[in-house]
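Me: I would like a close look at a single part of this model. Please keep the answer connected and plain.

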Amino acid sequence: MRYADGGGLTAAGRVRRESVRMRAAELFEQRVKPTEVARRLRVSVKSAYQWHQWWREGGAEALNSRGPGGSRCRLSPRCLVKLAAYLERGPAVHGWVEDQVWTAARVVTLIRRKFHVTYSVSGATRLMHRLGFSPQVPARRVAERNEQAVTVWNEVTWAEVKGPGRPAGGYICFEDEAGFTRRPPRGRTWGRRGRTPVVTVSGHRAGRLSVAGLIAMRPGSRTRLCHRLVTHPAGKGKRRSMSERDFIALVDGVHQLVKAPIVLVWDRLNTHVSRAMRELVARRAWLTVFLLPAYAPDLNPVEWVWAHVKRSLSNLAVMALDRLEALVRNRLKRLQYRPDTLDGFIAGTGLTLDTPTSS
């Protein structure tokens with residue numbers, strides 16, 4: 001089979017395929033039947049008979065590679081490099097400021113503007129695949145994020161967190177919190193085409209579940225996950241989030257578990273930086289706190305824990321709050337016995353220690 005440029009077999013693949021056909025030509029000269037050639041070369045019988053016909057009509061030269069088939073690309077290699085660069089800059093740079101979506105129709109317009117070449121929508125789609133692009137759901141990043149502050153934290157603060165100044169035998173801990181309600185996240189499921197599946201959920205405000213999670217890691221030790229859950233029943237005037245006492249109780253529990261100093265890294269939630277929290281931290285000589293830069297959840301591996309748990313709770317049918325609490329506890333307990341998964345969450349942040357985090 002012949003393929004268009006950029007699809008099917010690569011140049012190296014065509015060379016390998018040609019060598020197989022040359023070997024088949026040698027066997028045909030030895031009066032070997034096509035069925036036996038197919039068996040020896042591990043190719044289909046149909047291919048062997050087709051090669052045999054070509055060999056009879058033109059000899060071994062008829063089995064030489066004819067290069068990639070199909071029509072030639074309308075853009076030169078230099079233009080393809082330029083097009084890829086244009087696409088990576090995003091649609092807003094080229095005038096589509098209302099959203100941040102590349103569509104095949106927009107790519108057609110871009111090619112016509114930049115190179116004065118006309119493509120069809122399907123042709124532009126194939127061209128995008130040849131350039132290494134594919135349809136993807138983008139990750140969100142807030143506009144208020146300070147990239148320079150994130151870079152400084154990665155290069156300076158993280159080096160201080162994991163550096164020689166850390167207490168001997170101390171654990172590095174990341175903490176984050178999340179909320180769960182009786183209205184579950186939506187997830188993909190199978191359904192009959194043209195009929196959107198329906199999940200019945202609660203339409204009333206029926207309480208909330210707050211969860212604080214903490215990942216503790218140390219070179220040479222197993223990565224640990226600890227958590228604390230607080231239920232907030234529905235009602236006016238009732239607190240719907242965790243307090244300073246709840247967070248510090250989680251940290252104290254981890255300290256009792258690991259029996260070592262703790263270097264705690266968490267975000268700038270108002271409860272984390274309040275005066276009451278600063279007083280609680282000051283009373284604990286074994287606790288050192290570092291703050292993450294603002295709007296940088298990608299630096300906190302616990303965010304991956306929440307994504308993992310919420311994905312497993314997608315499309316839940318309506319249920320009582322205590323049942324939801326039991327399910328969340330169950331999902332978190334499973335993760336406690338999967339340190340390799342926790343290490344994967346840490347690796348996803350790009351933050352690494354000088355030595356492995358688990359043994």
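What is the order of the strands in the open sheet of 5 strands?

Reply: The model is predicted. In the open sheet, the 5 strands follow the order E3-E2-E1-E4-E5, and their pairing is mixed. The edges are taken by strand E3, residues 224–232, and strand E5, residues 287–291; each has a single partner strand, so one side of each has no neighbour in the sheet. Direction ignored, neighbouring strands of the sheet are turned by 25° against each other on average.

In general, the strands of a sheet pair through backbone hydrogen bonds, in either a parallel or an antiparallel way. Both kinds occur around strand E1. With strand E2, residues 208–217, E1 runs antiparallel, and 9 bridges join the two. In this pair, Phe 180 is opposite Leu 209 of E2. With strand E4, residues 262–266, E1 runs parallel, and the two are joined by 4 bridges. Here Phe 174 has Val 265 of E4 standing opposite.

E1 itself spans residues 171–180. Buried here means under 20% relative accessible area. Of the 10 residues of E1, 8 are buried, so the strand is largely enclosed by the rest of the structure.

From E4 the sheet continues to E5. These two strands pair in the parallel sense over 5 bridges, and Leu 264 has Val 289 in E5 as its bridge partner.

Key
Residues numbered from 1 in each chain as written. Predicted model: local features only at pLDDT ≥ 70, side-chain atom pairs only at ≥ 80, totals over all residues. Heavy atoms only, no water. Buried < 20%, exposed > 50% of the residue type's maximum accessible area, 1.4 Å probe, protein only. Pairing = 2+ DSSP bridges. Axes fitted to C-alpha atoms, helices over the stretch in contact; angles between N-to-C directions.
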